[in-house]
Amino acid sequence: MDNLATYFDSFFFIALPYVAFFTFFLVTIERYRRRKFTYSSLSSQFLENKQHFWGLVPFHYGIITVITGHIVAFLVPREILWWNSKPLRLYILEASALIFAILAVVGLGAAMIRRLNTSKVRTVTSRMDWVILGLLMLQLLTGIEVAVRYPWGSSWFATSAAPYLWSLAGLNPDISYISAMPFSVKLHIINAYFLILLFPFSRLVHILVVPNPYLWRKRQVVRWYRKPRNA
Amino acid sequence: MNVRSQIAMVFHLDKCIGCHTCSIACKNVWTDRKGAEYMWWNNVETKPGTGFPTAWEDQEKYNGGWELHNGELRLKSTSKTKTVLNIFHHPNMPTMDDYYEPWTYDYQNLFNAPEGPDQPTAVPISTVTGELINIKAGPNWDDDLGGSKIYAANDPNLDGLTAEQQNQLSAVERLVFFYFPRICNHCLNPACVAACPSGAIYKRGEDGIVLIDQNRCRGWRACVPACPYKKVYFNWHTGKSEKCILCYPRLETGQAPACFHSCVGRIRYLGVLLYDASKIEEVGKMPADELIEAQREMILDPHDPEVIAAARANGVHDSVIESAQMSPVYKFVKVWKIALPPHIEYRTLPMLFYVPPMAPVMSERHNGPVRNIGENDNLFHEIDEARVPMKFLANLFGGGHEAKVRYALRKQKAVRWYRRSLTVGDVTKELADRILAEAGSTREEAEAIYRLTSLCTFDERFVIPPMHREEAIEMMEDPLEHKQNVGFGFLTGPKRGL
């Protein structure tokens, strides 16, 4: 039985993340180079405008904040622990993280209902869209469950999850940090790897092409077939 | 001086018969694809009317175009900050309901319907969902409905007209309307380009055609609300925006764009304008009543040796300069000043100009018969007493100001007097000369306007410069391969992203 658990852990926490990240980089780059046309937000706002607001806006603001929190905790775990050393600061961090997670769940739920109920939007919804929506919902719900049942996530993420992720990044995986974690934590981690694995095969690639150059480019864009001598 | 060349256009509204041949030519060539069915890169509207998409001129609703804010030019619908905040949901995005839901008919039902007491019919089905559809709107839904309380009465250009003038436009048996064909204006200060977060929309340096790079468009859809003319369309299937490409593959091979070529009324003119690109921002910031003049000022005289030298220095080919010298658009816009930009107050500096319509020639406003020819006769109505109120035309073509529209109409009227003095002879030459002088014109000019308006040949209407894009020709190696498939550009199918 122990043996089986070890195999399970090695597969999902060592093999899977490497496969997921390798696929992620290989396929997103290949797709960007060979099938650039398929990179799009695939917006359906044109087909349905009202429910769109109540789904997409809370979801995006919620999920972006939550993911940013995970990345920050991964990058600077010590500073998170220092921040959490005062209870009030810990409560503020945990409460705001939870609020944004709930915002994301509500938004995602609204977006899924919209996709189900609006026939025009349904026609532009692929099977992969549903897979991604399902995985995202699972990810958010397990995340909230973990946050509520096993406090305080922001602290033990810094002491357990961050070192595990760093060990992966250092090509020296050490799963001892997480092998004793409860099932819902493990599910949250595994599901995250599946999202990364499916990322390049789904509409999620739009995250990679957020239009940051707009913030510093000139207003008008002119392309020359032959460059003029003094323009 | 930064001289650039621009392919510009003139539509002569007095000649438009509203047949929609242009729209059909365009549709068949470019937009008969999934996701593009509802797009009409070229459409013909009845004015007064609400147009397509519904009430596109209502910028309270769509927030299109530029505005002056503390002396600075800024987009109404977006900004750098707003682009970040609105990236998930654009508040001014029109939806399919503002256009119409495209449909076809279930012809198979005619063959497959089970035996029954009734004749089977080909019921309308949505080309989006495939479901039965109750058709409520279409691209020319208010075609010829001038005077309609539902459509014409909601024309945003009726703003500022007196109740009497509005009645004049819609009174039974006296109502008046005209046609307003529209394509992308290929503006000098395009709002769509400035709004595009991805930098996918660009103006071609050599000819000024505004295009969307389909490989770079990410469907952030900021261009759709930003264009005040609503000439950027969102392809709901591919998740990319598309717009009129001025048939650049045709232009590059010396052919007129499909809508120009097919125009039955021969209302369309196309030619090169040379302009000073360093003045774009300055002109865009002019006070509203000076915009038309300022835009004319930035259009340069292609015969001026200084302009020619500057153009050459900027890499404009000699053949393009020659073409600019023969441009019919230059004559209409700059020499004769009878073609005006639509809604210059949007400050995008459109490069499609309209000769405002005079018809109907006979004034019926005073309820009386047409009086005898004489000094104060009414044969060709006084411009200010026309059945189309000056204010209405001014809202469309004068940026709300009447002076330029009045000038253009008076000159057109003078040309008619002049021609009547020659062909009918019931108008004395002296009277014709006097009216010409009052309109700021001469016999020579009137003759030239008459010729280019009425007797123009194909080659006089379309002076297409050699575009020297020979290497680009491989794009069109097999045009049929694009048919009902990718539309234009590259040969891999426009497969929707996963």
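Three strands form an open sheet in the order 1(A)-8(B)-9(B), with mixed pairing; two strands count as paired if DSSP finds at least two bridges between them. Helices (H or I, at least four residues) and strands (E, at least two) are DSSP runs, numbered from the N terminus. The model is predicted: local features need pLDDT of at least 70, side-chain atom pairs count only at pLDDT 80 or more, and totals for chains, interfaces and linings use all residues. Residues are numbered from 1 along each chain as its sequence is written, while chains are lettered from A and ligands numbered from 1 in the order in which they are written.

The edges of this sheet are strand 1 of chain A and strand 9 (210-212) of chain B, each of which pairs on one side only. Strand 1 of chain A runs parallel to strand 8 (residues 201-204) of chain B, and 2 bridges join them. Val222(A) lies opposite Lys203(B), and Arg223(A) has Arg204(B) as its bridge partner.

In the interface, 45 residues of chain A are in contact with 42 residues of chain B, where contact means that the C-beta atoms, placed from the backbone, lie within 7 Å. On the chain A side, two or more residues come from each of helix 2 (50-75), helix 5 (119-123) and strand 1 (222-223). Helix 2 of chain A gives the largest share, 5 residues. By class, this side has 22 nonpolar, 15 polar and 8 charged residues. Here Ala, Val, Leu, Ile, Met, Phe, Trp, Tyr, Cys and Pro count as nonpolar, Asp, Glu, Lys and Arg as charged, and the others, Gly among them, as polar.

Helix 2 of chain A also packs against helix 4 (residues 87-117) of chain A, at an angle of about 145° and with the axes 7 Å apart. Axes are lines fitted to C-alpha atoms, for helices over the stretch in contact, and angles run from 0 to 180 degrees between N-to-C directions. The contact between helix 2 and helix 4 of chain A has 17 nonpolar, 7 polar and 1 charged residues.

Within chain B, strand 1 (residues 3-12) and strand 14 (residues 352-355) pair in the parallel sense over 4 bridges. Phe11(B) has Tyr354(B) as its bridge partner in strand 14.

Definitions and conventions: Contact = placed C-beta atoms within 7 Å.
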